[in-house]
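User: I've got a model open and I'd like to talk through its charged side chains and overall build. Can you take my questions one at a time?

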Amino acid sequence: MQSNSDSRFNILIVDDEPGDVDLVRLALAEGRFLCHTMVAINGKEAMAVLRREAPRFTDAPTPDLVLLDLNMPQMNGREVLRAMKEDPLLANIPVVVLTTSDVERDIVASYDLGASGYIAKPVDMDQLFRAIHSVEEYWFSAVRRPPRN
């Protein structure tokens with residue numbers, strides 16, 4: 001069930017696996033917050049969206065949250081995270097790593113690079129939906145964030 005609030009949250013999903021993107025979008029659609037999702041299929045495209053570098057991205061809203069896979073072609077999630085946190089215009093955007101890796105070095109590296117959270121994608125769809133809803137609840141209800149750009 002979605003909220004009746006006028007507030008609409010923008011989420012950038014960065015993932016090269018279409019099936020995972022579809023599941024995340026479905027979970028967000030079933031959540032209690034109105035969310036507009038944008039998708040980038042690799043890190044280079046994610047940075048183009050965030051920086052509005054290509055004509056098709058000039059009107060892209062600044063995301064309220066980025067859900068970032070680590071293992072992607074062209075520019076991986078660690079590189080995206082580093083680039084975002086080094087850019088003063090992007091550094092405030094919360095980034096939750098949402099990836100298949102449960103390897104400790106990936107978790108530590110992600111937090112070292114400035115990730116706001118880390119979730120190993122559950123295999124079970126219900127668990128994935130609960131994880132996504134928890135992320136929504138935390139970022140869009142529980143915490144105070146700086147004003148949007």
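User: Is Asp-20 buried, partly exposed or exposed, and what is its relative accessible area?

Analyst: Keep in mind that this is a predicted model. To count as buried, a residue has to be under 20% relative accessible area, while exposed takes over 50%. Asp-20 falls in between, so it is partly exposed, with a relative accessible area of 22%.

User: Which side chain meets Asp-20 in a salt bridge at 2.8 Å, N to O, and how many residues apart in sequence are the parts this pair ties together?

Analyst: The partner is Lys-121, and the pair sits at 2.8 Å, N to O. Lys-121 is in the loop between β5 and α5, whereas Asp-20 belongs to helix α1, so the bridge ties together parts whose separation in sequence is 101 residues.

User: Is Lys-121 buried or exposed, and which residues are linked with it in a network of salt bridges?

Analyst: With a relative accessible area of 15%, Lys-121 is buried. The salt-bridge network that includes Lys-121 also takes in Asp-15 and Asp-20.

User: What about Glu-45 and Arg-56, which meet in a salt bridge: which of the two is buried and which is exposed?

Analyst: Their side chains meet at 2.8 Å, N to O. Glu-45 lies in helix α2 and Arg-56 in the loop between α2 and β3, so this pair ties together parts 11 residues apart in sequence. Relative accessible area is 17% for Glu-45, which makes that residue buried. Arg-56 comes in at 63%, so the exposed one is Arg-56.

User: Where do Arg-51 and Asp-87 lie, and how many residues apart in sequence are the parts they tie together?

Analyst: These two side chains form a salt bridge at 3.4 Å, N to O. Arg-51 is in helix α2 and Asp-87 in the loop between α3 and β4, so the parts they join are separated in sequence by 36 residues.

User: What radius of gyration does the chain have, and what would a compact globule have?

Analyst: For 149 residues, a compact globule would come out near 15 Å, and the chain agrees with that. The C-alpha trace spans about 35 × 35 × 30 Å along its principal axes. The chain's own radius of gyration is 14 Å.

Methods: Residues are numbered from 1 along each chain as its sequence is written. This is a predicted model: local features need pLDDT of at least 70, side-chain atom pairs count only at pLDDT 80 or more; totals for chains, interfaces and linings use all residues. Side-chain values use heavy atoms; hydrogens and water are left out. The radius of gyration is taken over C-alpha atoms; the globule rule is 2.2 Å times the number of residues to the power 0.38. A salt bridge is a side-chain nitrogen of Lys or Arg within 4 Å of a carboxyl oxygen of Asp or Glu. Helices (H or I, at least four residues) and strands (E, at least two) are DSSP runs, numbered from the N terminus. Buried means under 20% relative accessible area, exposed over 50%, partly exposed in between (1.4 Å probe, protein chains only).
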